Amino acid sequence: ILLRPYYGKAWFNLGRLYLEQKKNEEAWSSFVKATQGDLDIPNAFDILGQVGLQLGKYEQAAIAFEETLRRSPGIDLPRTKFNLANAYFLTQRLDEARAIFKQISDQYPQDNQFSYNLAETMFMQGEYASAYEIFNKLTAFPDASPNAPMRAAQCIERQGDVKSAFAYVTEKLASTNSDKVINILRPEHSRLELAAHLKDSGGVLSAENVNYFLSKNGQDGVA
């Protein structure tokens, strides 16, 4: 690099070395210089984007992934598209993120991560009924995100039916063997049970109610 400041491959390999040393900021800078030098290949931009996502440089990551795809005509890169959609999502470009998530989830229906992120985008856009359909479907797959049943219940709740959301979580807790799902759903179950009670009682909690809900959360009750 001292002899040839624009030697992209040297900058790229230095960036890889920094990644091995967990020096992600230094790796980022090296990959930027690699792509600005004479290593303007798709893989260099793709790795630049991945490091950008890790560092929270979402706008720069999006640009890097866009460049990867632009330089890869005729090549299907679903993971790069997925990362680009995530970068769009994280910069609130939800329509663009959704379009890509929809494309790749339709093309690769077996990849539950693609479908989950599509549903998350729908949820953020307030399309709770459509998001629910996907989240609920994903609960049938053991390799899907353990957050799927919680999100499905939240979709029901956001549509104004707290009781049904509570019943949904109750059913999922009874039917799952996944510790991850159970650990996510238990606090949600308690929260929705309280919300359903408050809705039925007009917002009134007796001392007995308070003791019950506190005891469920491992706290001392009131005297």
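Here is a short chat about helix packing and ring pairs in this predicted model.

User: Before we start, what are the ground rules for the numbers?
Analyst: Residues are numbered from 1 along each chain as its sequence is written, and side-chain values use heavy atoms, with hydrogens and water left out. As the model is predicted, local features need pLDDT of at least 70 and side-chain atom pairs count only at pLDDT 80 or more, while totals for chains, interfaces and linings use all residues.

User: Which helices do the buried residues of α8 pack against?
Analyst: Helices here are DSSP runs (H or I, at least four residues), numbered from the N terminus. Helix α8 covers residues 128-138, and its buried residues (under 20% relative accessible area, 1.4 Å probe, protein chains only) are Tyr128, Ala131, Tyr132, Ile134, Phe135 and Leu138. Those residues pack against α7 (112-124), α9 (148-158) and α10 (162-175).

User: Are α7 and α9 roughly parallel or roughly antiparallel?
Analyst: Axes are lines fitted to C-alpha atoms over the stretch in contact, and angles run from 0 to 180 degrees between N-to-C directions. For α7 and α9 the angle is about 25 degrees, with the axes 12 Å apart. Angles under 35 degrees count as roughly parallel and over 145 as roughly antiparallel, so α7 and α9 come out roughly parallel.

User: And how many charged residues are in the contact of α7 with α9?
Analyst: With contact meaning heavy atoms within 4.5 Å, α7 brings Tyr116, Glu120 and Phe123, and α9 brings Ala148, Arg151, Gln154, Cys155 and Arg158. Asp, Glu, Lys and Arg count as charged; Ala, Val, Leu, Ile, Met, Phe, Trp, Tyr, Cys and Pro as nonpolar; the others, Gly among them, as polar. By that scheme the contact has 4 nonpolar and 1 polar, and the charged ones number 3.

User: Why is the pair of tyrosine 116 and phenylalanine 135 called what it is?
Analyst: Rings of Phe, Tyr and Trp (its six-membered ring) pair if their centres lie within 6.5 Å; planes under 30 degrees apart are stacked, over 60 edge-to-face and the rest tilted. The structure holds 7 such pairs. In this one the centres are 5.3 Å apart and the planes sit at 65 degrees, so the pair is edge-to-face.

User: How many residues apart are tyrosine 132 and tyrosine 168?
Analyst: These two tyrosines also pair edge-to-face, at 6.0 Å centre to centre and 70 degrees between the planes. Tyrosine 132 lies in helix α8 and tyrosine 168 in helix α10, so to speak distant parts of the chain, at a separation of 36 residues.

User: What does proline 149 touch beyond its neighbours within four places in sequence?
Analyst: Proline 149 is in helix α9 and is buried, with a relative accessible area of 6%. Its C-alpha lies 6.6 Å from that of phenylalanine 135, 14 residues away along the chain. The contacts are Thr139, Tyr168, Lys172, Val181 and Leu185.

User: What about α5 and α6: roughly parallel or roughly antiparallel?
Analyst: Helix α5 (residues 78-90) and helix α6 (residues 94-107) pack at about 155 degrees, with their axes 8 Å apart. By class, their contact has 11 nonpolar, 2 polar and 2 charged residues. The angle makes α5 and α6 roughly antiparallel.

Conventions. Buried means under 20% relative accessible area, exposed over 50%, partly exposed in between (1.4 Å probe, protein chains only). Helices (H or I, at least four residues) and strands (E, at least two) are DSSP runs, numbered from the N terminus. Angles under 35 degrees count as roughly parallel, over 145 as roughly antiparallel, 65 to 115 as roughly perpendicular and the rest as oblique.
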